[in-house]
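Thanks for coming, everyone. Let me put the structure up, and then we will walk through it.

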Amino acid sequence: MSARTHAGLSGRRFVEDDLLDAARAVFHAEGYAAAQVADIARRAGTTKPTLYARLGNKEQIYLHVVRREAEVFRGWVAEAYERGTRLPLAELSRAGMEPLFRFAAERAEGFNLLFRGERTGDMPAALRREVVDDVTEQLTGLIRRRQETFGPDLGSTADTLAAACVGVALQVCEHTLDHGGDLNAAQHLAARFVENAFHNLDLTSLNR
């Protein structure tokens with residue numbers, strides 16, 4: 001690929017991210033129903049025809065925004081879980097909690113749209129469920145890989161434990177945001193809760 005072509009692709013991607021950032025801000029501030037394409041265009045410093053040409057109508061723009069946030073979050077999860085296999089239990093628990101709390105802190109608008117935002121038809125709800133299921137599956141894989149290294153084998157309990165961990169993280173994170181709490185402190189608390197769950201299940205397996 002020539003330098004000119006590469007630069008052109010990079011430039012187009014940069015512009016699209018700007019458009020999606022503007023749309024994310026408007027959807028977050030106004031809600032899906034009240035948001036207008038004209039508001040998004042104004043915030044992005046562009047025109048409605050440009051938005052329609054690049055991203056489609058309002059529903060399509062919303063889906064582009066939510067899908068991008070899901071892609072970013074999944075990437076963070078994959079990166080954290082990749083390095084978590086050989087960590088001690090306490091550090092593994094922290095690594096498991098880190099992506100969600102980081103996402104809520106650094107991409108608050110994206111977190112709210114992806115996990116707490118208004119739904120437009122079935123697609124956003126399905127995407128949220130898909131993201132949660134994907135994270136649960138990745139965490140299940142991490143737990144099982146760690147068991148292969150450190151034991152004991154929890155068998156089918158691994159996926160249930162993973163689902164519980166994801167549920168705890170989401171609940172604690174949302175509660176903290178709703179009450180204006182400290183996300184760092186909440187992440188630490190959630191990690192300790194998960195660590196204790198791991199310890200208890202390990203002991204239960206050993207005492208069978």
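Let's start with F115, which counts as buried because its relative accessibility is 13%. Buried means under 20% relative accessible area, exposed means over 50%, and partly exposed is in between, with a 1.4 Å probe and protein chains only.

A word on the source. This is a predicted model, where local features need pLDDT of at least 70, side-chain atom pairs count only at pLDDT 80 or more, and totals for chains, interfaces and linings use all residues. Residues are numbered from 1 along each chain as its sequence is written, and side-chain values use heavy atoms, with hydrogens and water left out.

Now the rings. How many aromatic pairs does the structure hold? There are 8 aromatic pairs. Rings of Phe, Tyr and Trp (its six-membered ring) pair if their centres lie within 6.5 Å; planes under 30 degrees apart count as stacked, over 60 as edge-to-face and the rest as tilted. Take F73 and F115. Their ring centres are 5.5 Å apart and their planes stand at 85 degrees, so this pair is edge-to-face. The pair links distant parts of the chain: F73 is in helix α4 (residues 58-82) and F115 is in helix α6 (residues 108-116), 42 residues apart. Helices here are DSSP runs (H or I, at least four residues), numbered from the N terminus. F73 is buried too, with a relative accessible area of 3%.

F115 has another partner, F111. That pair is tilted, with 5.2 Å centre to centre and 45 degrees between the planes. F111 and F115 both lie in helix α6, 4 residues apart, about one turn of the helix. Both are buried. Step back, and ring pairs link F73, W76, F103, F111 and F115 into a cluster.

Charges meet rings as well. The charged end of R102 sits over the ring of W76, 3.6 Å from its centre. K58 lies over the face of Y32, at 4.5 Å from the ring centre. The rule for both: NZ of Lys or CZ of Arg is within 6 Å of the ring centre and within 35 degrees of the ring normal.

Next, the core. The largest nonpolar core has 56 residues, and F27 and F115 have the most contacts inside it. Such a core is a set of buried Ala, Val, Leu, Ile, Met, Phe, Trp, Tyr and Cys residues joined through side-chain atoms within 4.5 Å. Helix α4 gives the most to this core, with 10 residues. Leaving out residues up to four places away in sequence, F27 touches Y32, A35, I40, K58, I61, Y62 and L113. Contact means heavy atoms within 4.5 Å.

Is R68 buried or exposed? R68 counts as buried because its relative accessibility is 8%. Beyond four places in sequence, R68 touches D17, L20, D21, R24 and R107. E71, also in helix α4, counts as exposed at 55% relative accessibility. The C-alpha atoms of E71 and V131 are separated by 9.0 Å, though these residues are 60 apart along the chain.

That's the tour. Please send me your questions.

Methods:
Helices (H or I, at least four residues) and strands (E, at least two) are DSSP runs, numbered from the N terminus.
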